[in-house]
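Let's take a friendly walk through a protein model, one neighbourhood at a time. Keep the structure open and follow along as we go.

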Amino acid sequence: MPGLYLHIPYCERKCLYCDFYSVESMSSLADFLRCLRLEIGQHAQFGKQGQPFETVYFGGGTPSLLSTQSLEKILDKLQQTFPISPAAEITLEANPGTVNLRKLKEFRRAGVNRLSIGIQSFHDDELRFLGRIHSGREAMECVSLARGAGIDNISLDLIFALPNQTLKAWKENLETAVSLEPQHISAYSLIVEEGTALQRMVVRGEVTPAPEELESEMYLLTMEYLASQGFEHYEVSNYAKPGYRSRHNSLYWNHEPYLGFGPSAHSFWSGEPLSGPMRWWNAASVGKYCKSLTQGQRPIEGEEHLSSVHLLTEEIFLRLRTGGINVRKLHRDYGANLVEQHGQKLERFLQERLVTVEGETIRLTSRGFLYCDEIALELVA
């Protein structure tokens, strides 16, 4: 079933590690919201295929900076344009310090039933380094406010392998997160992305990334500890209590169709009204985005028609990151026989305890997750 993604590109402050498109000035907000509704209307033909849309995801940026009225207008436009399931998962990303109890209650009444809170750390020194606007105490209070607002599906984002972060400090972050009883935790290692303030600091020698061995140790600790607390490790960086996996993100990982709206948003679709699988993406600029839509044009910056070879490559990467590769299904859908083509590699992965084979499914072990991309690259060679 398809999903909908809305990119809200506004932040109070740009975090030094973030490479998602966002701007700190909200002077263009009114124009952006008007154009966002125009873009949604351009895709009305995708709502006529009879498939109910099962997820709506507000990402960014910091979507929780929106007023309730603005959020309601966007949801109204979506509902007028697409058949949205009454049981749809509607997620809003929120940062501590941008919401209070009243606003969260209004978001809940507007239809938001899942909150993804960008905490990143509960240690104030780590938050200051990352450029976050909140404190550890405010992060914990935000979770409490969400519960008080009636939102009972809460996900917490955390980052590990910060410069100078100790294994003990990371364990404390995990323990604090679990004590707040979220339904979902996303735990990412800090990546030095090109073009970010963090990359410039590293190049200038002002910051030294965490050693790879310590990063691996933190990742293994994350998997082990969250498993002991009843969380399912269902994707490389994502952990959920039973029944609370992110339905929207699972669309991406399962090659399900989705439409993205807003600057830099990506879309993927196969089947009607298109002639074949396609991916396209919008210009990463509010100005370019609004100019195109005001002129009656689509705001896309690029698109690609996806071949079966392209889809096979993505399928191997995505399946390894999630539930594992079912070799029979892969052969049926793409004509690829991993056992025949890569038997020696698979045997080596087994001997090195990087994968297990359960029936017809190849799955990564905890240690294998440390080398997920490297293993996938060998299997698509």
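A376 counts as buried because its relative accessibility is 0%, where buried means under 20% relative accessible area, exposed means over 50%, and partly exposed is in between (1.4 Å probe, protein chains only). This is a predicted model, in which local features need pLDDT of at least 70 and side-chain atom pairs count only at pLDDT 80 or more, while totals for chains, interfaces and linings use all residues. Residues are numbered from 1 along each chain as its sequence is written, and side-chain values use heavy atoms, with hydrogens and water left out.

A376 lies in helix 15; helices (H or I, at least four residues) and strands (E, at least two) are DSSP runs, numbered from the N terminus. Leaving aside neighbours within four places in sequence, A376 is in contact with I316, F317 and L320, contact meaning heavy atoms within 4.5 Å. A376 and L318 are 58 residues apart in sequence, and their C-alpha atoms are 9.1 Å apart in space.

Now look at helix 15 as a whole, residues 372-380. Its buried residues are C372, I375, A376 and L379. They cover an arc of only 100° around the axis, so they sit on the same side of helix 15; the arc is that of the directions from the helix axis to the C-beta atoms. These buried residues pack against helix 11 (308-321), strand 13 (325-326), helix 13 (338-351), strand 15 (361-364) and helix 14 (366-369).

What meets helix 15 from helix 11? The residues on the helix 11 side are T313, I316, F317, L320 and R321. Their partners in helix 15 are C372, D373, I375, A376, L377, L379 and V380.

Next, find the largest nonpolar core, which has 91 residues. A nonpolar core is a set of buried Ala, Val, Leu, Ile, Met, Phe, Trp, Tyr and Cys residues joined through side-chain atoms within 4.5 Å. Those with the most contacts inside this core are L6, F58, I74 and L78. Not counting residues up to four places away in sequence, F58 touches several residues, including L6, I8, L71 and I74.

Finally, is R37 buried or partly exposed? R37, found in helix 1 (residues 29-42), is partly exposed, with a relative accessible area of 28%. R37 touches K73 and K77, not counting residues up to four places away in sequence.
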